[in-house]
Amino acid sequence: IGFKYVEEASAVRNRVLGRIARAATTTDPDLRKRLLTFVFVGGGFAGVEAFAETEDMARAALRYYPELSDEDLHFVMVEAMGRILPEMGPDMGDYTVKELERRGMRVLLETRLEGCENGHVKLSNGEEFEADTVVWTAGVKPAPVLAESDLPLGPKGHVSASATLQVVTEDGEVVPGVWAAGDCAQVPNLVEGEGDWCAPSAQHAVRQARHLGANLAAHLAGRDLKQYKHKHLGLVASLGLNKGVASTMGIKLRGWPAWVMHRTYHLLQIPTFNRKARVALDWTTAL
């Protein structure tokens with residue numbers, strides 16, 4: 001199962017809860033272990049949050065199944081690189097690994113998924129085991145439909161765009177009437193020390209969308225266009241209820257403070273006051 005769309009996240013949740021319910025009804029130890037083994041491939045933000053949040057949810061669900069214990073759950077993360085959450089630096093990545101392993105989860109670094117057929121998982125470190133659920137979060141690439149278009153593309157398949165969010169050719173010539181923003185756009189990062197291109201994050205995407213709208217209006221009115229420039233405010237990741245890591249404006253937070261920051265930031269990004277209030281009320285009730 002992928003983890004890119006809301007529907008896939010719902011499918012992962014339903015599958016995990018369904019496997020727990022099935023495992024509670026069998027006395028076959030091998031089948032139970034297979035049902036309760038969940039493999040997540042990829043240690044980026046999506047992978048770590050999916051891995052940690054799903055384990056938190058599964059552990060909470062066990063209170064409805066006295067036949068099962070925490071030791072019956074087997075969560076395994078497979079990451080080809082030597083660390084997870086590389087964007088947050090080695091210290092925060094190491095802390096996250098220790099936090100996950102403290103909860104009984106396995107994080108296998110410098111390990112690749114060699115094969116997965118009929119529930120039989122093969123890893124590059126030689127391990128082989130049975131698993132009924134595999135979630136794929138590794139690898140970020142733009143939508144494949146771009147390759148079928150006649151738009152000028154960058155080296156990784158993104159639409160080439162200038163800092164004004166106009167699509168440009170390899171020679172820097174503007175393609176008339178075509179604009180681009182968000183994950184599938186290759187936009188120059190004008191902030192010093194933050195890389196050649198804007199990262200494919202929501203923080204850039206929502207700001208690029210507003211900037212594109214303003215530039216489009218200016219273009220139609222014959223006014224000068226402004227270049228997009230935004231310094232990344234920081235990064236936050238949830239590791240389950242009341243647990244998280246954050247790195248923002250040089251300040252690094254762990255545990256409950258990072259989780260509160262994670263929730264607060266996402267609450268502020270929800271459109272309309274009505275929806276903000278409803279979500280805030282829902283979260284407060286859940287406490």
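**Cores and a helix pair in a predicted model**

Mentor: In this predicted model, the largest nonpolar core has 32 residues, and those touching the most other members are I20, F51 and F75.

Trainee: Which elements give two or more residues to this core?

Mentor: They are the helices α1 (6-23), α3 (45-61) and α4 (90-102), together with the strands β1 (37-41) and β2 (74-78).

Trainee: And where does the largest share come from?

Mentor: Helix α3 supplies it, with 6 residues.

Trainee: Changing topic, how do the axes of α6 and α7 cross?

Mentor: Helix α6 (residues 256-269) and helix α7 have axes that come within 9 Å and cross at roughly 155 degrees. Angles over 145 degrees count as roughly antiparallel, and α6 and α7 are therefore roughly antiparallel to each other. Their crossing is right-handed.

Trainee: Which residues make the contact?

Mentor: From α6 they are R263, L267 and L268, and from α7 they are K276, V279, A280 and W283.

Trainee: How many of the 14 residues of α7 are buried?

Mentor: The count is 0, so α7 is hardly covered.

Trainee: What should the span of α7 be?

Mentor: Helix α7 (residues 273-286) has 14 residues, which at 1.5 Å a residue should span 20 Å. The end C-alpha atoms of α7 are 20 Å apart, which agrees.

Definitions and conventions: Residues are numbered from 1 along each chain as its sequence is written. This is a predicted model: local features need pLDDT of at least 70, side-chain atom pairs count only at pLDDT 80 or more; totals for chains, interfaces and linings use all residues. Side-chain values use heavy atoms; hydrogens and water are left out. Helices (H or I, at least four residues) and strands (E, at least two) are DSSP runs, numbered from the N terminus. The expected span of a helix is 1.5 Å times one less than its number of residues. Buried means under 20% relative accessible area, exposed over 50%, partly exposed in between (1.4 Å probe, protein chains only). A nonpolar core is a set of buried Ala, Val, Leu, Ile, Met, Phe, Trp, Tyr and Cys residues joined through side-chain atoms within 4.5 Å. Axes are lines fitted to C-alpha atoms, for helices over the stretch in contact, and angles run from 0 to 180 degrees between N-to-C directions. Angles under 35 degrees count as roughly parallel, over 145 as roughly antiparallel, 65 to 115 as roughly perpendicular and the rest as oblique. A crossing is left-handed if the near helix is turned anticlockwise from the far one by less than a right angle, and right-handed if clockwise. Contact means heavy atoms within 4.5 Å.
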